Amino acid sequence: MEDTLKYLTKWLYRHIIGSDTMIGKIQRLSKMKEDDDNPCAFTQKYKTNIPQIDDEHKVLFEIIGDAYKLVESQDADDKYDEIMSVLDRLEEYAKVHFAHEEEYMEQTKYPQLEQQRRAHAAFLERLDEKDLGEGMEEQQEYLEELMDFLFGWLSNHILRMDKGIARFL
C-alpha cells in the first residue's frame, strides 16, 4: 500500500509540474519555426540578469536547439541514437546548471528554493525517461512531443520561476 501511495504521489506531482501548469502555454516548436528561424534562441526576455545563470540558460537553449534540428532533419530515417546522445548531453548539463542555480539560491536565501528543487527534479526525471520511445513506430511524433515538452518546460520555468531569483540579490 505504501509503495502504491508513493507511486501515485510521484505520478500526480510530475503530472502537475509537467503538464497542468503549462496547459495552453506550450507552443509547438514546429509552429514557432514558421515565425522564427531559430525558435530555441535565448533572447532578452529570458534573462535573469544573473550572469552565470543566464550563460548556463543560454547553453541549455543551444542544446535543446541542437536536438530540435536533428528531430526536424530530413537527412536520415533513424536519428534516434543521435538525438538521444544530444539529450544525454542536455541531462548532464542540466544537472550541473541546477546545482549551480540551487547553490546560488541557498546563498541568497531565496524563499522558493524547495519549489525550484522539485521543479528541477521533475525535469530531470522526464529527461531520464527520454529513451522510452526507442523502437516506437511513431518515433518522430514521440521526439517532437519530447522537444515541445523540454523547450516549453525550460522557457516557462525561466519566465515564471527563475526570473524571480534576481529579486533576492
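This is a predicted model: local features need pLDDT of at least 70, side-chain atom pairs count only at pLDDT 80 or more; totals for chains, interfaces and linings use all residues.

**Helix pairs**

Colleague: How do the axes of H5 and H6 cross?

Modeller: Helix H5 (residues 113-128) and helix H6 (residues 139-160) have axes that come within 11 Å and cross at roughly 165°. Helices here are DSSP runs (H or I, at least four residues), numbered from the N terminus; axes are lines fitted to C-alpha atoms over the stretch in contact, with angles from 0 to 180 degrees between N-to-C directions. That makes H5 roughly antiparallel to H6 (over 145 degrees counts as that).

Colleague: Which residues make the contact?

Modeller: From H5, Gln116, Ala119, His120, Phe123, Arg126 and Leu127; from H6, Tyr142, Leu146, Phe149, Leu150, Trp153 and His157. Contact means heavy atoms within 4.5 Å. By class, eight are nonpolar, three polar and one charged (Ala, Val, Leu, Ile, Met, Phe, Trp, Tyr, Cys and Pro count as nonpolar, Asp, Glu, Lys and Arg as charged, the others, Gly among them, as polar).

Colleague: New topic: how do the axes of H3 and H4 cross?

Modeller: H3 (residues 51-72) and H4 (residues 80-107) have axes that come within 10 Å and cross at roughly 165°, so these two are roughly antiparallel to each other.

Colleague: And what classes of residue are in that contact?

Modeller: The contact of H3 with H4 has 15 nonpolar, four polar and five charged residues.

How values were computed:
Residues are numbered from 1 along each chain as its sequence is written. Side-chain values use heavy atoms; hydrogens and water are left out. Angles under 35 degrees count as roughly parallel, over 145 as roughly antiparallel, 65 to 115 as roughly perpendicular and the rest as oblique.
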